[in-house]
Amino acid sequence: MNAGSGLLFAMALAAAVAMPGPSTAAAVARVLTSGLGGAVRLCAGLVLGELFWLSCAILGVAALADRHQGLFVAIRYAGVAYLLWLAWKLWHAPAVATAAGDRDDARLPFAGLAIALGNPKTMLFYVALLPGIVSLDDLYLRDALLLGALAICVVAGVLAAYVLAAERLRRHLHSPVALRRVGRGSALLMTVAAGAIVSR
């Protein structure tokens, strides 16, 4: 893998992650309703999911999804269930700003992982599009590690931009009416994201 391939991979991945989808919707909704703490844990799971699909592509186990379709369908619906549960919580949340620390849910990394594993856009990028960007047939270990490091930096960077923008917006929301609207808008966003996962 040469520098041009690495740059092309980083640019294509940044464009794919930056397109609004279930991952960015979950991260933004989490920030708007609970602050940065929960969003960081959720994003850690999302990054792990990206690394899983990258590893599948590199190791040539793209057929894994075909051989174990039931498992991946279950993972997809686990992600959908989490998004819908989060939407329900957001819709019924009290119109009060919560503490930015929000330590109520240690399962957030696993929820982020489930969303990333069940997201067809993520799967499609690594399994179908990546081989056209980087030649995976003659990839050395150092190249694979470099791709992993690039993926972590790009995905974390794009998610951080979304999270920081959402946190900036959240700071300006003080009235109960505005907080309720944000909570319910985030709930609708989660529901749309869940529907997007199911429909693909």
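Start with helix α1, residues 3-18, and helix α7, residues 120-133, in what is a predicted model. Their axes come within 11 Å and cross at roughly 155°. Angles over 145 degrees count as roughly antiparallel, so α1 and α7 are roughly antiparallel to each other. The crossing of these two helices, α1 and α7, is right-handed.

Which residues of α1 and α7 meet? On the α1 side they are S5, L8, F9, A12, L13, A16 and V17. On the α7 side they are K121, F125, Y126, L130 and I133. Sorted by class, the contact of α1 with α7 has 10 nonpolar residues, one polar and one charged.

Helix α3 covers residues 36-58, and its axis comes within 9 Å of the α7 axis, with a crossing of roughly 25°. The cut-off for roughly parallel is an angle under 35 degrees, and α3 and α7 are therefore roughly parallel to each other. The crossing of α3 and α7 is right-handed.

From α3, the residues that meet α7 are E50, W53, L54 and A57. They face T122, M123, Y126, V127 and L130 of α7. The contact of α3 with α7 divides into seven nonpolar residues, one polar and one charged. Note that Y126 and L130 are listed on the α7 side for α1, and Y126 and L130 are listed again for α3.

Some of these residues also turn up in the aromatic pairs. How many aromatic pairs does a search of the whole structure find? It finds three. A pair of aromatic rings is described by the distance of the centres and the angle of the planes.

Take F52 and W53. Their ring centres are 5.2 Å apart and their planes stand at 75°, so this pair is edge-to-face. W53 has 2%, so W53 counts as buried.

Next, F125 and Y126 in α7. The centres of these rings, F125 and Y126, are 5.0 Å apart and the planes are at 90°, so the pair is edge-to-face. F125 and Y126 are both buried. With F9, they form one aromatic cluster.

On to helix α6, residues 108-118. Why is α6 described as largely enclosed by the rest of the structure? Because eight of its 11 residues are buried. Those buried in α6 are L108, A111, G112, A114, I115, A116, L117 and G118.

The next contact is between helix α2, residues 22-34, and helix α8, residues 141-171. α2 and α8 pack at an angle of about 30°, with their axes 9 Å apart. That makes α2 roughly parallel to α8. The crossing of α2 and α8 is right-handed.

From α2, the contact takes T24, A27, V28, V31, L32, T33 and S34. From α8, it takes L159, Y162, V163, A166, E167, L169 and R170. By class, the contact of α2 with α8 has nine nonpolar, three polar and two charged residues.

A29 sits in α2 and is buried, with a relative accessible area of 1%. The C-alpha atoms of A29 and L86 are 8.9 Å apart, although 57 residues separate the two along the chain. L145 is in α8 and is exposed, with a relative accessible area of 57%. L145 and S55 are 90 residues apart in sequence, and their C-alpha atoms are 9.9 Å apart in space.

Last, the whole chain. The secondary structure comes to nine helices and zero strands, and along the sequence the pattern reads α-α-α-α-α-α-α-α-α. The protein has 200 residues, of which 46% count as buried. Among contacts between residues at least 6 apart in sequence, 88% join residues at least 24 apart.

Conventions
Residues are numbered from 1 along each chain as its sequence is written. This is a predicted model: local features need pLDDT of at least 70, side-chain atom pairs count only at pLDDT 80 or more; totals for chains, interfaces and linings use all residues. Side-chain values use heavy atoms; hydrogens and water are left out. Axes are lines fitted to C-alpha atoms, for helices over the stretch in contact, and angles run from 0 to 180 degrees between N-to-C directions. Helices (H or I, at least four residues) and strands (E, at least two) are DSSP runs, numbered from the N terminus. Angles under 35 degrees count as roughly parallel, over 145 as roughly antiparallel, 65 to 115 as roughly perpendicular and the rest as oblique. A crossing is left-handed if the near helix is turned anticlockwise from the far one by less than a right angle, and right-handed if clockwise. Contact means heavy atoms within 4.5 Å. Ala, Val, Leu, Ile, Met, Phe, Trp, Tyr, Cys and Pro count as nonpolar, Asp, Glu, Lys and Arg as charged, and the others, Gly among them, as polar. Rings of Phe, Tyr and Trp (its six-membered ring) pair if their centres lie within 6.5 Å; planes under 30 degrees apart count as stacked, over 60 as edge-to-face and the rest as tilted. Buried means under 20% relative accessible area, exposed over 50%, partly exposed in between (1.4 Å probe, protein chains only).
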